[in-house]
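Okay, thanks everyone, let's get going.

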Amino acid sequence: MADKFTHMDTRLYCYLLAHQPPEHDELKMLRLRTQTMPDGRMQISPEQGHLLALLVAAMAARRILEVGTFTGYSTLAIAQALPPEGRIIACDINDEWTAIACEHWKRAGVADRIDVRIAPAVETLGLLEAEGRTSHFDLAFIDADKTSYDTYYEGALRLVRPGGLIILTTCFGAAAWPIQMKTIPTQSLYENSIRRLQPTSALIVSFCRLPAV
Ligand SMILES: C[S@@+](CC[C@H](N)C(=O)[O-])C[C@H]1O[C@@H](n2cnc3c(N)ncnc32)[C@H](O)[C@@H]1O
């Protein structure tokens with residue numbers, strides 16, 4: 001049977017990059033700075049940033065939960081799409097990386113929309129539940145250690161409101177995670193997650209990392 005899908009090769013990817021909306025100057029500066037870092041590949045790509053911003057704007061989302069902030073590209077893309085009263089809780093364990101993030105958030109004028117929580121995200125999610133934030137968030141973006149995805153997903157199901165959105169990255173593997181992909185059944189996590197989703201609860205989407213060019 002003929003393959004009905006167009007394969008994403010470098011040429012097509014470059015075309016898409018060249019024809020997407022312009023990247024905000026501060027996002028670009030942060031992306032280029034992060035690319036020089038040893039772990040720079042962990043950063044989401046510009047088109048993923050556009051997609052996140054589009055989803056936030058389309059949902060008119062105001063309350064966001066992010067697990068895995070790194071140097072803050074996804075956080076910034078989301079924060080810029082929020083209204084001024086919108087808030088994003090950004091969870092990470094590394095305060096050196098989030099310090100870089102803060103510099104760029106401040107320069108972009110959206111730092112007051114971002115509440116950074118430095119602690120293992122499992123703890124932060126538990127704390128948010130203890131604070132009574134069940135069904136509080138419009139959208140959860142999960143982009144952290146794959147070994148805890150199941151816990152993050154379960155936490156997000158409780159914390160995100162019915163009709164909200166849960167986004168998990170890299171469920172289907174990518175070149176950036178060859179070692180983990182050998183050991184972690186993220187594909188089954190995705191399938192199980194879909195099965196456990198209540199009809200009235202949040203939607204789930206997953207996006208893969210595309211190769212950087
Ligand atoms: C793939 S990066 C996130 C990339 C980020 N979304 C971006 O756009 O640049 C994963 C992040 O998860 C964080 N992380 C790893 N284990 C964690 C944990 N147990 N709790 C919270 N954050 C964790 C890492 O410190 C790292 O910054």
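So, how many residues surround the ligand, and which are the closest? There are 20 residues around the ligand, and the closest are Gly68, Phe70, Ser74, Ala121 and Ala144. A residue counts as near a molecule here if its C-beta atom, placed from the backbone, lies within 6 Å of it. Helix 4 (73-81) and strand 2 (87-92) are the elements that give two or more residues to that shell. By class, the shell has ten nonpolar, seven polar and three charged residues; nonpolar is Ala, Val, Leu, Ile, Met, Phe, Trp, Tyr, Cys and Pro, charged is Asp, Glu, Lys and Arg, and the others, Gly among them, are polar.

Before I go on, the ground rules. This is a predicted model, with local features needing pLDDT of at least 70 and side-chain atom pairs counting only at pLDDT 80 or more, while totals for chains, interfaces and linings use all residues. Residues are numbered from 1 along each chain as its sequence is written.

Now the overall picture. The protein has nine helices and six strands, taken as DSSP runs numbered from the N terminus (helices are H or I, at least four residues; strands are E, at least two). Of the 213 residues, 38% are buried. Buried means 20 or more other C-beta atoms within 10 Å of the residue's own, exposed means 12 or fewer, and partly exposed is in between, with C-beta atoms placed from the backbone.

Back to helix 4, and its partner helix 5 (residues 95-108). Their axes come within 10 Å and cross at roughly 25°, the axes being lines fitted to C-alpha atoms over the stretch in contact, with angles from 0 to 180 degrees between N-to-C directions. That makes the two helices roughly parallel, the word for angles under 35 degrees. Who meets whom? Thr75, Leu76, Ala79 and Gln80 in helix 4 meet Ala101, His104, Trp105 and Ala108 in helix 5, where contact means C-beta atoms, placed from the backbone, within 7 Å. That contact has five nonpolar, three polar and no charged residues.

Phe70, from the ligand shell, has a positive phi near 55° despite not being glycine. Phe70 sits in the loop between strand 1 and helix 4. Is Phe70 buried or exposed? Buried, because Phe70 has 23 C-beta neighbours inside 10 Å. Ala60 also has a positive phi, near 50°, and lies in the loop between helix 3 (46-59) and strand 1 (63-67). Ala60 is exposed, because 10 other C-beta atoms lie within 10 Å.

Methods
Parallel < 35°, antiparallel > 145°, perpendicular 65-115°, else oblique. Contact = placed C-beta atoms within 7 Å.
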